[in-house]
Amino acid sequence: RRLKHDNQMSYRGDLEVHGGPEVVIVPLVFGFIFLVGVAGNTLVMVVIARTKSRRSKSTTNTFILNLSIADLSFLLFCVPFQATIYSLTEWVFGAFLCKFVHYFVTVSMLVSIFTLVAMSVDRYIAVVHAKKSPCIRSQRNASAGIAVIWLLSLVFAVPVAQHQRLTKHRDAPNSSFCWEEWPERVSRHTYKVTILVIGYLLPLLLITCCYAKVVYHLHKKIKNMSKKSERSKKKTAQTVLLLVAAFLMCWLPHHVVVMWVEFGTFPLTDGSFVLRIVSHCLVYGNSCVNPILYAFLSENFRKACQQVFTSRLLTSAPPVATVVRLRMENFSTTHSTTNV
């Protein structure tokens, strides 16, 4: 079959570069991304979990917690196994993990992306429709939204589990390889395009539109206010730009490579090999920058983080009056006076 031939050609192209410096460099780079991403997302989860009893529940924190769980899952199930592909000449983890790892990688990827969309919609409602937001932005609705996100992701990733198989290679009959095999090219192309649309193009459009509305609304609302408010507006606009740019740049090379492989002739050269590694690093990097953009840029979050670990060291809880609420109404760059 043409598809199997393409897989075999890809395998031979990878064999040609195996044994070079990338066998050491790539796992080291992946390892660094892995450690930073795991540490960042774990810290976000710990801070939010430890402040729940301090009246800091909000839809924003619920979505940030879900985003951290998705990003952490993506890193745990993707980076270690992907690193072995560049270090080992075969898949050594068995048939079950061949299916499960690739399936859950797709699930966690979609959960992360859908959560980013939900967060942008949440910000839009909180800022543009502030009067109606208390009714819409309830903990119940946020939990229901997260349940829908996970359900859709689990469903959309099913074809990956169906078509990921542990197979042999004719040039290496004693080795096993985890490949994606489809009975028809049309069905494979359709699925890849569907993932491109629901996992990149449509989320990018929604995120951009929501944040553009937010920036426009803030511009109109505080244009006659003080210089401090003007600085807050600029910080918000800069943060919004970072959010959109990070999502755009981190996922664009990955989807370019996927579409190139599906609908073009992807060359098996050193340059294309580097492009694939860079695309992988950027995708993993997105799971590292998410906690920075959505949590650590928040002055309130940094105070909450400091308070959590300070109170842990002192083994005594701080007075209720000094507890920092974890609020991120203005994209976590300004002091918010809006109740969540």
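**Burial, helices and the disulfide of the chain**

Me: Why is helix α4 described as largely enclosed by the rest of the structure?

Reply: Of the 35 residues of α4, 25 are buried, so the rest of the structure largely encloses this helix. Buried means under 20% relative accessible area, exposed means over 50%, and partly exposed lies in between (1.4 Å probe, protein chains only). The model is predicted: local features need pLDDT of at least 70 and side-chain atom pairs count only at pLDDT 80 or more, whereas totals for chains, interfaces and linings use all residues. Residues are numbered from 1 along each chain as its sequence is written, and side-chain values use heavy atoms, with hydrogens and water left out.

Me: Where does α10 have a kink?

Reply: The kink, of about 35°, lies at Val289, shortly before the proline Pro291. The bend at a residue is the angle between axes fitted to the seven residues ending there and the seven starting there.

Me: Why is His280 called buried?

Reply: Its relative accessibility is 18%, so His280 counts as buried. His280 is found in α10 and touches Phe30, Gln82 and Tyr86, leaving aside residues up to four places away in sequence. Here, contact means heavy atoms within 4.5 Å.

Me: What makes Leu65 buried, and how far is its C-alpha from that of Asn41?

Reply: Leu65 has a relative accessible area of 18%, so it is buried. This residue is found in helix α3 (residues 59-87), and its C-alpha is separated by 8.7 Å from that of Asn41, a residue 24 positions apart along the chain.

Me: Why is the pair of Cys98 and Cys178 called a disulfide?

Reply: A disulfide is a pair of cysteine sulfur atoms within 2.5 Å. The distance from S to S for Cys98 and Cys178 is 2.0 Å, and a disulfide joins them. The pair links distant parts of the chain, with Cys98 in helix α4 and Cys178 in strand β2 (residues 172-180), 80 residues apart. By this rule the count comes to one disulfide.

Me: What makes this disulfide right-handed?

Reply: The torsion about the S-S bond of Cys98 and Cys178 is about 90°, so the disulfide is right-handed. Cys98 and Cys178 are both buried.

Me: How do you know that Cys250 is in no disulfide?

Reply: The nearest cysteine sulfur to that of Cys250 belongs to Cys288 and is 9.2 Å away, and Cys250 is in no disulfide. At 10% relative accessibility, Cys250 counts as buried. Cys281 is buried as well, with a relative accessible area of 18%.

Conventions. Helices (H or I, at least four residues) and strands (E, at least two) are DSSP runs, numbered from the N terminus.
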